[in-house]
Each structure stands twice: as C-alpha cells, then as structure tokens.
Amino acid sequence: MSKIVGLLRRRPVVSPELLTLIVSISFTLFYNATFWEKVFELHSPYLPGSWLTLIGYGVLMTLIQYVVFMLFATRYTAKPVLVVLILVAASVSYFTATYHTYFDTTMVVNTLQTDTREAGELLTVGFFKHLLIFGILPIVVLLRLKVSRNRWKVALIRKVAYFSGGIVLLIGSALLIYQSVSSEMRNNPEMRYLLTPGNYVVSLARVLTANENNHLEKKIPLSTEATYVGDAKPKLIVMVVGETVSAANWGLNGYDRQTTPELAKRDLVNYPDVNSCGTSTAVSVPCMFSPWGRDDYDGSAIEQHESLLDVLKLAGFDVLWIDNQSGCKGVCDRVTSIKTDSSKLQSGCTQGECFDDALREALVERTKDLKRNTFVVLHEMGNHGPSYYKRYPKAYEKFTPVCREDDLSQCDTQSIKNAYDNAILYNDHVLSGMIDYLAKQNTVDATLLYASDHGESLGENGVYLHGLPYLIAPDEQTHVPMIWWLSKSILRDEGIDYSCIQSKAKSHHSHANLFHTILGLAQIKTDVYDPSLDMAASCQSS
Ligand SMILES: [Zn+2]
C-alpha cells in the first residue's frame with residue numbers, strides 16, 4: 001500500500017521535448033480517428049503493401065506537430081501550451097468523429113459566430129464525456145508530471161538538437177512517402193481539415209489575420225450609382241432567408257411526405273433545382289446578397305464589399321433586416337436591423353428564442369401604410385440543428401416519434417428525420433402566413449422570395465449537420481428549396497409574363513440569381529445588375 005502511495009506521490013520528471021513528443025504521438029493515435037478512416041479507405045490496412053505508407057503517415061503527422069509545438073514549448077510554457085492544445089484536440093475530435101465536421105476556415109468562422117444558444121445545443125452529455133476522457137484526464141496526468149529544469153545554455157543546446165533531429169526525420173519520412181501523400185492530398189485536399197488539432201489552430205490563425213485586414217478597410221461600394229426608374233405603386237419586396245432546409249425534404253419538390261401542404265395551395269413559383277452558395281450560414285448569407293455566386297465565388301471580395309442592401313438604399317429604398325437567428329453576418333451593417341425578441345409584440349418567444357412566425361408579426365407591424373419603396377429581409381431560425389424538435393410549436397408535430405436529444409447520435413435516423421420534417425411543416429405555415437398578408441396589400445406592389453441558405457445531412461453515410469467543404473459536400477447540403485410569390489399588381493406593373501416565369505423555374509438556378517432578380521424587381525438601374533441572372537428579365541415585355 002505504502003508503495004502505491006509513494007508511486008502516486010512521485011512526480012516523474014520529463015523534459016519539455018519529451019513531453020511534447022508524447023502529446024504529439026497521442027494526437028496522432030487517439031485524436032484523429034476520422035482522418036485515419038479516410039487514409040484506410042485509400043490504403044487498406046489488410047494489404048501488407050500498405051503498412052509502410054500508413055506508418056509513414058503516422059510518423060509524418062507526429063513529426064510535423066512535434067516540430068511546430070516544440071517552438072512554443074519551453075520549460076515554462078510547455079504545460080500551458082500543451083493543455084490548450086489538448087483541450088482543442090479533444091473538442092475538435094468529438095465533432096469530427098460525431099458529425100464528420102471538417103475544420104476549415106469557414107467552420108472556424110462558424111464556431112466563432114455561434115451564439116450561446118446555438119452552442120448550448122451542441123454541448124451535449126456525449127460531448128462532455130468525450131471531453132472528460134480525451135481532455136481532462138490527459139491534462140490531469142500532464143499536470144502531475146514535472147518539467148525538468150536545466151541551465152539556459154543546456155536547455156538551448158538540447159532544444160536545437162531535438163529540433164534539428166525532428167526536422168531531419170521529418171524530411172526523411174516525407175521523402176519516403178512523398179509520392180502517395182502529395183497526390184492524395186492534391187486529390188483530397190479536404191483531408192487536411194481533419195488533421196487534429198492542426199486543422200483548428202491553422203484555420204483560426206488564418207481567420208484572425210484575414211479578419212484584421214478586412215476590418216481595417218471601409219467596405220467598398222458595389223456601385224456608386226443606383227437609380228430607381230419605376231413609376232408605379234410603392235414596392236414591398238420581401239426576401240426570406242431560410243435556414244438549413246434541404247431541397248430533398250421540400251414537399252413542393254415532390255418529397256414523398258407533404259411537408260409544404262399550405263404553400264401547395266397557393267399560387268407561387270417553386271424552383272426545384274437550386275444550388276446554394278455555401279454549406280454554412282457564414283458563407284451563404286453574405287453570398288446571397290452579393291453579385292458573386294458559387295461559380296465565381298470570392299469570399300474576400302464579398303467580405304470587402306457592401307451588399308445588395310446598400311445598393312437598394314442608394315436607390316432610395318427603405319431597407320430593413322429582421323432577424324430571428326444569430327445575426328446578418330455583416331450584410332445589414334449599414335441599414336436598420338432589429339431582432340425579433342427585442343420587441344414585445346411577438347408571440348411564441350421564450351428565453352430569447354422565438355418561433356419564426358414572430359417574423360411575420362414583425363413584418364406586419366413594420367409595413368403598415370407603406371408610402372415608400374421598401375425591402376425587408378426576414379432571417380429565419382428555420383431548421384437550425386441539431387435540435388430540430390425545438391424549431392416548431394407542438395401543433396406541428398405531425399411526424400412521430402421525434403428525436404428529442406441535442407446529441408443526434410442518441411437517436412435513430414427516422415426520428416431525426418421526423419423532427420426535421422416537422423420543422424419544415426411549420427416553416428410552410430410561416431411562409432404561407434406571410435404570403436397571405438402580402439396578398440391583401442393593395443396599395444403596394446408586393447412580392448416575396450424565399451430561399452434556404454444551405455441544406456443539411458441527416459445521417460446519410462454517417463454525415464450529420466452541414467458545413468462540409470463545398471467540393472465534397474453531398475446534395476443534401478448544397479441543394480436548397482426556393483420559392484417566389486408575385487402579386488397580380490407587380491406582374492402587371494412590371495410587365496412580367498407569369499407563365500413564362502413558371503416554365504423557366506424548372507431549369508437549374510442558384511443563389512446567384514437572387515441579387516439580380518431583386519434589383520430587377522426593384523426597377524433599379526445600376527451597373528452591377530446582370531439581366532442574364534435576373535429570373536424575370538427574359539419574361540418581361542417592357
Ligand atoms: Zn445556415
């Protein structure tokens with residue numbers, strides 16, 4: 001007994017270099033399951049010829065981490081640096097393994113923009129269990145160890161020796177498997193976003209440096225001239241930005257469940273084949289209000305420029321953004337914006353979260369007796385995951401049983417799908433209510449466009465949620481619903497042939513159409529307008 005106590009009391013002494021090596025090896029072996037799965041797909045461990053490559057991958061990964069971490073690990077800093085890295089690795093590896101999340105710069109932006117409410121749904125019991133095993137326990141062990149002290153000269157010589165040794169081994173192992181690694185990384189560039197914790201650390205550094213540049217500059221206007229050239233009634237153009245609705249689950253697209261029964265009864269245009277600009281809110285929302293779509297996507301151009309809202313404002317429109325989610329991602333910075341829960345008007349709001357019908361109520365309240373051209377964006381909570389069951393009032397729980405866990409891995413696929421489809425059913429009710437309200441307005445030329453920002457994976461091939469790099473993202477994440485409702489008077493006043501619009505709706509469309517269609521509808525003359533992307537332009541008589 002006394003021997004055991006003695007053993008526990010003894011605190012082994014390790015050098016910062018050895019400590020760093022142990023942590024690097026642990027990261028390679030225990031925090032990168034999803035990365036290894038991908039590598040095993042390329043090199044089956046059952047084939048003897050693969051072993052050299054697999055070992056090469058492991059050695060290379062370990063050495064890259066070792067060499068980089070060692071730069072920051074002195075006798076004083078080794079412990080704090082490694083503690084932070086272990087916490088990052090433990091958190092990141094949970095999401096990579098559970099939801100197949102790739103931590104590229106976009107995903108890091110998503111994590112930084114997540115508000116506490118959204119984060120709360122992701123921090124599940126499963127997450128904390130994982131954090132305990134892969135984060136807290138290793139940290140407790142690490143803190144028990146003693147870091148050896150040497151005179152600074154000895155310490156420096158040691159560090160240089162270990163560092164150079166690491167570099168030599170790194171180059172050696174890189175040369176050994178260079179051919180297969182380089183071609184695989186070229187063909188599967190997204191794999192590097194699975195490498196934990198380097199993926200998060202590198203992407204975070206890139207986001208922080210990029211943001212600094214973008215914040216320094218004043219936003220560049222998209223156009224210096226924008227003139228309203230219409231002469232009919234004031235316009236009321238409503239753009240509803242949907243959240244996380246996949247085209248595959250959209251009743252109007254022929255989904256085997258009728259998830260849009262109310263919209264199906266209304267006279268509107270449905271677009272069955274629409275591609276989103278991104279697979280996350282942070283990419284898609286700014287893109288939907290920019291002239292650059294997915295084909296000529298340029299994230300930094302979008303970030304550096306003003307948005308569609310500024311062009312409309314320049315042309316004299318009243319512009320209003322009403323948000324029922326985590327904000328407009330910079331799109332509405334220079335126009336009036338309000339949050340649903342800031343008003344006492346809306347029903348269905350508890351603890352800072354409102355059902356989306358609050359957006360309809362806010363729209364009604366804000367657009368009474370309009371005298372001026374007005375553009376309103378309604379940003380929905382939509383099908384925001386993983387807690388789909390929280391997105392609709394009880395009355396819309398038609399498909400049962402539903403998954404009531406924030407941790408989707410605790411539910412079967414069918415109950416996840418049921419909760420997800422119920423949220424769409426509620427969204428159908430919300431959109432229909434907005435259309436009914438607009439249809440009653442005779443003093444304005446009203447229209448409503450709805451598009452979801454991106455779709456969602458519901459467990460197909462083990463993939464959940466969204467945010468995969470676009471190139472490898474499945475259709476469920478990139479294919480979104482879009483609808484367009486036009487009042488009789490706007491059709492007449494703008495000379496739009498409705499049957500022409502209907503027949504063209506079947507062809508392929510994307511988020512890029514939104515910007516130009518809205519400028520066309522607003523009858524604004526400006527050089528950023530491209531009629532070839534305006535969904536009405538070729539159906540207009542005048
Ligand atoms: Zn989104």
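Which strands does helix α16 (residues 413-439) lie across?

## Model and conventions

This is a predicted model, in which local features need pLDDT of at least 70, side-chain atom pairs count only at pLDDT 80 or more, and totals for chains, interfaces and linings use all residues. Residues are numbered from 1 along each chain as its sequence is written, and side-chain values use heavy atoms, with hydrogens and water left out.

## The sheet

Seven strands form an open sheet with mixed pairing, in the order β5-β15-β12-β4-β11-β7-β8. Strands (E, at least two residues) and helices (H or I, at least four) are DSSP runs numbered from the N terminus; two strands pair if DSSP finds at least two bridges between them. The edge strands, β5 (269-271) and β8 (336-339), each pair on one side only. On average, neighbouring strands of the sheet are turned by 15 degrees against each other, direction ignored.

Strand β12 (residues 445-452) pairs with β15 (residues 482-486) in the antiparallel sense, over five bridges. Here A451 stands opposite M482 of β15.

## Helices on the sheet

Helix α16 lies across β4, β11, β12 and β15, and runs at about 165 degrees to β12. Helix α12 (residues 281-288) lies across β4 (235-242), β7 (318-323), β11 (374-379) and β12, at about 165 degrees to β4. Contact means heavy atoms within 4.5 Å. Axes are lines fitted to C-alpha atoms, for helices over the stretch in contact, with angles from 0 to 180 degrees between N-to-C directions.

T281 in helix α12 and H454 in the loop between β12 and β13 (457-458) are 173 residues apart, a pair that links distant parts of the chain.

## Helices α2 and α4

The axes of α2 (residues 16-30) and α4 (residues 51-72) come within 9 Å and cross at roughly 140 degrees. The two helices are therefore oblique to each other; angles under 35 degrees count as roughly parallel, over 145 as roughly antiparallel, 65 to 115 as roughly perpendicular and the rest as oblique.

## Backbone details

The peptide bond from G385 to P386 is cis, with omega near 0 degrees. Another cis bond joins T400 and P401, with omega about -5 degrees.
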